[in-house]
Amino acid sequence: MIEIKDIEKSFGDTKVLKGISTTFETGKTNLIIGRSGSGKTVMIKTLLGIHAPDKGSISFDGRIYSKLTRDEKRSLRTEIGMVFQGSALFDSMNVEDNVAFPLKMFTNKRGREIKDRVNEVLERVNLVDANYKFPNEISGGMQKRVAIARAIVNNPKYLFCDEPNSGLDPETSILIDELIQEITREYDITTVINTHDMNSVLQIGEKIIFLKNGIKEWEGTNEQILETRNKSIVEFVYSSELFKKVRESLLEEDEEERKQDLNIKEE
Amino acid sequence: MIKEVFNKPTKWSVMKSLILKDIDDLIIGSMGIVAFISFFIGGVVAIQTALNLTNPLIPKSLIAFATRQSVILEFAPTFISIIMAGRAGSYITSSIGTMRVTEQIDALEVMGVNAINYLIFPKIVAFTLYPFVIAISMFLGIMGGWLAGVYGGFVGSDQFLEGIQTDFIPFHVFYAFLKTFVFGMLLATIPSFHGFYMKGGALEVGKASTTSFVWTSVVIITVNYIITQLLLS
């Protein structure tokens with residue numbers, strides 16, 4: 001479990017995070033959503049230790065990050081898997097070497113053992129026969145799978161994903177979402193996903209926090225998000241034409257049901 | 001940055017392959033252009049010296065002497081280092097800069113890897129072999145001078161061989177290799193710094209490479225002056 005308490009972060013005079021507190025639970029897909037510029041990326045980078053918070057604390061299963069020594073922080077980072085927005089695969093390495101990288105760096109595993117584990121996770125992310133291809137030779141969806149494989153290969157306790165669906169077609173996005181959720185449950189890890197993709201929110205948002213101008217505006221689940229009357233959430237969720245139309249038809253259905261109920265009562 | 005390069009080293013089994021790759025990319029990969037430039041510069045120095053020796057009282061062996069001195073003292077260590085700032089320096093800045101803009105450096109840091117050590121230390125080690133490149137450059141420069149001088153009809157082969165042995169001061173070779181070693185360290189660190197700490201996108205990678213080349217050249221020329229002043233004057 002990751003617990004954050006009252007974190008604040010500024011860049012110059014601009015306050016990006018304004019006292020955010022929440023918990024990200026183990027075995028669940030926790031989503032951070034919000035419009036562009038709401039502070040999502042800064043929040044995830046702060047959780048990862050790339051930015052130090054100006055105020056507040058972040059604890060990973062009771063270990064308060066700011067109180068850890070340099071070596072303890074590095075050790076904690078080996079328990080973290082990260083899927084970057086652009087995948088961030090190492091250009092100079094093929095798929096197999098990219099996935100094997102954390103094992104070569106942080107374990108005493110040797111050749112055959114590493115190869116077996118790499119093949120195991122590549123199979124897990126449904127990526128076979130791509131071991132010797134370089135990142136520029138595979139599609140965006142495949143790159144995301146490799147990034148997920150690299151993130152989970154060393155059995156992390158925490159998995160962070162920064163907009164894992166960006167640049168992917170809707171079908172591949174769904175597959176990636178499902179994959180992340182399955183892995184989260186299977187390995188019982190704490191997954192935090194930064195997204196503004198509403199399909200992901202509805203599909204895998206077991207816990208959602210909504211950021212607006214650096215403030216946590218709302219917190220709930222994917223079921224609660226459709227029922228909330230919070231104005232900012234409604235505007236965000238129904239900002240796309242597709243969702244607007246779905247909402248209008250749902251409201252029409254509700255209205256018809258209400259009328260039918262009234263008619264039944266009158267009769 | 002320099003302190004961080006030697007802090008929390010990367011596992012030796014991984015580092016070994018990184019060092020070998022950088023030796024291949026930066027040292028062996030540069031040999032072609034270094035050999036080509038050295039050979040022809042040596043030839044040009046010999047021809048220019050020959051054409052300026054109009055006084056019949058000056059022995060022809062001076063052509064070889066001037067070629068040797070020019071190549072060993074300046075052309076090989078300094079001129080080739082400026083070429084290397086363009087060739088290897090730009091490669092270092094653009095490769096590390098691209099890793100920065102595509103979040104590959106963030107990925108390393110998030111994993112708990114000391115990215116500075118991982119990326120820059122192998123380049124520093126690779127550049128400890130830079131004096132070998134310059135030794136080859138010196139040899140080829142003098143060879144170029146010999147071929148241009150002899151086959152251009154400016155000097156006899158015997159006279160040339162006599163000239164390159166005239167007033168030979170071993171300390172000059174030490175001076176040349178000392179500054180070569182210093183230039184090697186500058187070539188590894190300045191472009192790495194510009195690549196590692198760059199901000200922005202693809203356009204900025206190009207700008208960082210240019211800035212890195214300019215700064216590396218300026219520092220090499222300045223350090224060259226300081227070392228020369230300290231050791232030779």
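## Report on the predicted model

N155(A) lies in the loop of chain A that runs between α5 (140-152) and β7 (158-162). The model described here is predicted. Although N155(A) is not a glycine, its phi is positive, at about 50 degrees. N155(A) counts as partly exposed because 13 other C-beta atoms lie within 10 Å.

A positive phi is also found at D6(A), a residue other than glycine, with a value near 55 degrees. D6(A) belongs to strand β1 (residues 2-11) of chain A. With 13 C-beta neighbours inside 10 Å, D6(A) is therefore partly exposed.

In chain B, G152(B) occupies the loop between α7 (130-151) and α8 (157-165). This residue has 13 other C-beta atoms within 10 Å, so G152(B) is classed as partly exposed. The C-alpha atom of G152(B) is separated by 8.0 Å from that of I47(B), although the two residues are 105 residues apart along the chain.

| Residue | Location | C-beta atoms within 10 Å |
|---|---|---|
| N155(A) | loop between α5 (140-152) and β7 (158-162) of chain A | 13 other C-beta atoms |
| G152(B) | loop between α7 (130-151) and α8 (157-165) of chain B | 13 other C-beta atoms |

### Domains of chain A

Chain A is divided into domain 1 (2-228) and domain 2 (229-267). The C-alpha centres of domain 1 and domain 2 of chain A lie 35 Å apart. Each domain gives 8 residues to the contact between them. On the side of domain 1 that touches domain 2 of chain A, the elements that give two or more residues are β9 (207-212) and β10 (215-220) of chain A. By class, that side of domain 1 has 4 nonpolar, 1 polar and 3 charged residues.

### Contact between the chains

Between the chains, 13 residues of chain B are in contact with 15 residues of chain A. Helix α5 (residues 104-111) of chain B provides the largest share of chain B's side, 6 residues. The residues on that side of chain B comprise 5 nonpolar, 3 polar and 5 charged.

In soluble globular proteins, nonpolar side chains tend to be buried together. The largest nonpolar core here has 113 residues, of which M82(A), V99(A), I148(A), A149(A) and F160(A) touch the most other members. Helix α4 (residues 61-101) of chain B contributes the largest share of this core, 13 residues. Domain 1 (2-228) and domain 2 (229-267) of chain A each supply at least three residues to the core. Leaving aside residues up to four places away in sequence, M82(A) touches L48(A), A151(A) and F160(A), together with A107(B) and V110(B).

### Two packed helices of chain B

Helix α3 (residues 31-52) of chain B packs with α4(B) at an angle of about 145 degrees, and their axes are 9 Å apart. The crossing in which α3(B) passes α4(B) is right-handed. Residues of α3(B) in the contact include I33(B), I37(B), I41(B) and V45(B), while those of α4(B) include V71(B), F75(B), F79(B) and R87(B). The residues of this contact of α3(B) with α4(B) divide into 15 nonpolar, 5 polar and 1 charged.

Note on methods
Residues are numbered from 1 along each chain as its sequence is written. Chains are lettered from A and ligands numbered from 1 in the order in which they are written. This is a predicted model: local features need pLDDT of at least 70, side-chain atom pairs count only at pLDDT 80 or more; totals for chains, interfaces and linings use all residues. Two residues are in contact if their C-beta atoms, placed from the backbone, lie within 7 Å. Helices (H or I, at least four residues) and strands (E, at least two) are DSSP runs, numbered from the N terminus. Ala, Val, Leu, Ile, Met, Phe, Trp, Tyr, Cys and Pro count as nonpolar, Asp, Glu, Lys and Arg as charged, and the others, Gly among them, as polar. A residue is buried if 20 or more other C-beta atoms lie within 10 Å of its own, exposed if 12 or fewer, and partly exposed in between; C-beta atoms are placed from the backbone. A nonpolar core is a set of buried Ala, Val, Leu, Ile, Met, Phe, Trp, Tyr and Cys residues joined through C-beta atoms within 7 Å. Domain bounds come from an automatic or database domain assignment. Axes are lines fitted to C-alpha atoms, for helices over the stretch in contact, and angles run from 0 to 180 degrees between N-to-C directions. A crossing is left-handed if the near helix is turned anticlockwise from the far one by less than a right angle, and right-handed if clockwise.
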